Protein chains: 4
Amino acid sequence: MLIANGDLVTLPFLTPLNTTQLRSVGIPEPWAFGVADKVRFGELDALGHVNNVAYMSWFEVVRIHYFRNYGLSDYKSADRPRLVLANANVTYKAEMHLGQDYIATARTAQFGNTSFTMEYAVYGDTLHATGSAVIVQLNQDGTKRALSEALKEKMARLDSATPR
Amino acid sequence: MLIANGDLVTLPFLTPLNTTQLRSVGIPEPWAFGVADKVRFGELDALGHVNNVAYMSWFEVVRIHYFRNYGLSDYKSADRPRLVLANANVTYKAEMHLGQDYIATARTAQFGNTSFTMEYAVYGDTLHATGSAVIVQLNQDGTKRALSEALKEKMARLDSATPR
Amino acid sequence: MLIANGDLVTLPFLTPLNTTQLRSVGIPEPWAFGVADKVRFGELDALGHVNNVAYMSWFEVVRIHYFRNYGLSDYKSADRPRLVLANANVTYKAEMHLGQDYIATARTAQFGNTSFTMEYAVYGDTLHATGSAVIVQLNQDGTKRALSEALKEKMARLDSATPR
Amino acid sequence: MLIANGDLVTLPFLTPLNTTQLRSVGIPEPWAFGVADKVRFGELDALGHVNNVAYMSWFEVVRIHYFRNYGLSDYKSADRPRLVLANANVTYKAEMHLGQDYIATARTAQFGNTSFTMEYAVYGDTLHATGSAVIVQLNQDGTKRALSEALKEKMARLDSATPR
């Protein structure tokens, strides 16, 4: 899918991609956020395919980009929230190989008062995997912290997220 | 939970544990298979807790032990099946820290003709995480391979697995 | 160092960089090959810095790119050589943090009949680490395979490599 | 080497082994500290052997055990030192495979005022790898901290370490 009109598509790597860039390589709505990367040798298993655990790492990479870009956490300030996974899920659809280019996408599908559900996907030659995670926002002392109205509005507007 | 009667329990590490050993440290039915291990420094994240991805690795470790012990694959013979994950899931319940002892458990909960659903758990001070995976048995050429009657009988007898 | 003339330098990520690109961000001679990447959350240790092991992974990433680009192995054909590490070394110079951009460089410093010595570096805000590896070229049956004259000429011309 | 007198040796896994235990499986002087473990599926590379980077992880595992056992750091108290690697080295001697038992050993070979040089080895069927690391002891503020006389005496007595 990273080929368009017979040419290898040139995309910025490791910098979040916007909706226009995602659509240009055939990644459909409602995906609005993604990061391009390339399969590493150390991510292969003994059978020569990407190992099952690596997909979880990629979802983590795109999730951290998302948290920074959507303003959830700067991973620096003392008062930043703790964003804790309650659940994570991966569905494997097609094997991947060494050096393959891919885009890992992320969006918020649903939000509640203090938690939200994200969805992920890995697009390369085809849709290789999908995933999801339930994330709870805590204060540094472990108590729950409400999602701001501005954040929920942003999730709704950019990601087509809906209230839970 | 790895303390019994006030004493640190001595268990073989990295060798599969049987039902008697699991019950002796309070791991309940129907778990019948587990492997003890210890949190590594490299499994911690920047917050000092075990990172989310490590649990998936532990489920993989106990799964491979299970495949060998239950006779699904020896990871050697040319005619061995390919055991492919279709889905994996982790639910996070309590954080873990450096050097903590834990037991990762595995069982088959349900089986079909060519696939089966496994469940996993991580027990340390408490129940730290649970998980599941849907696994498909393929031949080396990628076609589906039926689970043997002997295997299904074993899964039912040892793990209380039920037909799907 | 990835800032030039006050502007963030735009470089292709994950595609090997050439000498002109390396010089434009201040990476000195004799480096002629590098790959840009970004620190991942999962590469941090419990102290919040990049863990010691990650640098070895990055040297592996750039080494595999180098092997493909210099024609040592396509990682596909049946007759491809096995390129085996005899020794690896890392010297740590300056800590790195989450999300930091860096370029991992690679070159061959010396070559013999069947083995060669590579050098590596990690450039970000400064020179963060250097490394080296001794690599032996084997046939698939484990016997040694001579480096071709064309390869040695290329290593000498591009990397200023010298005979051992 | 983990077979003695034709029987598989029973050793505690993941708990540091003492000199008597090490000698019982043929690990020679001056090694006085080791940890037994087992190769994980996720540590294999696409060729089915343990990948080069995994050995560095194992040296880290045994190093952290060593730091705790020799009293260098408890990884908890506010005044604990920061133990920072200046250099790390691995020499690869024999390939390893899935599920293989091994013992990773560690010792201090030389000590100075604020730094020391450790050596490592991996013993399984044979001596699979050796390694070394130069480690600097810092205060939490980044200034150098002298090694205590008690620590240097212990390193000399247990590990046959010598002053630099």
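Visitor: Which strand is Q137(D) found in?
Guide: Q137(D) sits in strand β7 of chain D, which covers residues 127–138. Keep in mind that this is a predicted model.

Visitor: Is Q137(D) buried or exposed?
Guide: Buried: its relative accessibility is 5%, and buried means under 20% here.

Visitor: So what does Q137(D) touch?
Guide: Leaving out residues up to four places away in sequence, Q137(D) touches P81(D), R82(D), L83(D), T114(D), T143(D), K144(D), R145(D), A146(D) and L147(D).

Visitor: Switching topic. Where is R40(D)?
Guide: R40(D) is in the loop between β3 (34–38) and α2 of chain D. R40(D) is buried too, with a relative accessible area of 10%.

Visitor: Which residues does R40(D) touch?
Guide: Not counting residues up to four places away in sequence, R40(D) touches L98(D) in its own chain, and from chain B it touches D37(B), R40(B), E43(B), W58(B), V61(B) and Y102(B).

Visitor: Which residues of α2(C) and α2(D) meet?
Guide: From α2(C) you have N52(C), V53(C), M56(C), S57(C), E60(C) and R63(C), and they meet N52(D), V53(D), M56(D), S57(D), E60(D) and R63(D) in α2(D). By class, that contact has 4 nonpolar, 4 polar and 4 charged residues.

Visitor: What rotation superposes chain D on chain C?
Guide: One of 180 degrees, with 0.0 Å of shift along its axis and an RMSD of 0.0 Å. In chain D, N89(D) comes closest to that rotation axis, with its C-alpha at 2.2 Å. The same surface serves both copies, as 100% of the contact residues of chain D recur in chain C.

Visitor: What about chain A on chain C?
Guide: Chain A superposes on chain C through a rotation of 180 degrees with 0.0 Å of shift along the axis, RMSD 0.0 Å. The two copies are thus related as by a two-fold rotation axis. Also, 100% of the interface residues of chain A are interface residues in chain C, so these copies meet through the same surface.

Visitor: Okay, the core. How many residues are in the largest nonpolar core?
Guide: It has 162 residues, and those with the most contacts inside it are F116(A), F116(B), F116(C) and F116(D).

Visitor: What is F116(D) in contact with?
Guide: Setting aside neighbours within four places in sequence, its contacts include F67(D), L72(D), L83(D), F111(D), V134(D), I135(D), L147(D) and M155(D). R164(D) and Q110(D) are among them as well.

Visitor: Last one: where does M155(A) lie?
Guide: M155(A) is in helix α3 of chain A, residues 149–159. At 0% relative accessibility, M155(A) counts as buried. Beyond residues up to four places away in sequence, M155(A) touches Y66(A), T108(A), F111(A), F116(A), S160(A) and A161(A).

Methods. Residues are numbered from 1 along each chain as its sequence is written. Chains are lettered from A and ligands numbered from 1 in the order in which they are written. This is a predicted model: local features need pLDDT of at least 70, side-chain atom pairs count only at pLDDT 80 or more; totals for chains, interfaces and linings use all residues. Side-chain values use heavy atoms; hydrogens and water are left out. Copies are superposed by least squares on the C-alpha atoms of residues with pLDDT of at least 70 in both. Contact means heavy atoms within 4.5 Å. A nonpolar core is a set of buried Ala, Val, Leu, Ile, Met, Phe, Trp, Tyr and Cys residues joined through side-chain atoms within 4.5 Å. Buried means under 20% relative accessible area, exposed over 50%, partly exposed in between (1.4 Å probe, protein chains only). Helices (H or I, at least four residues) and strands (E, at least two) are DSSP runs, numbered from the N terminus. Ala, Val, Leu, Ile, Met, Phe, Trp, Tyr, Cys and Pro count as nonpolar, Asp, Glu, Lys and Arg as charged, and the others, Gly among them, as polar.
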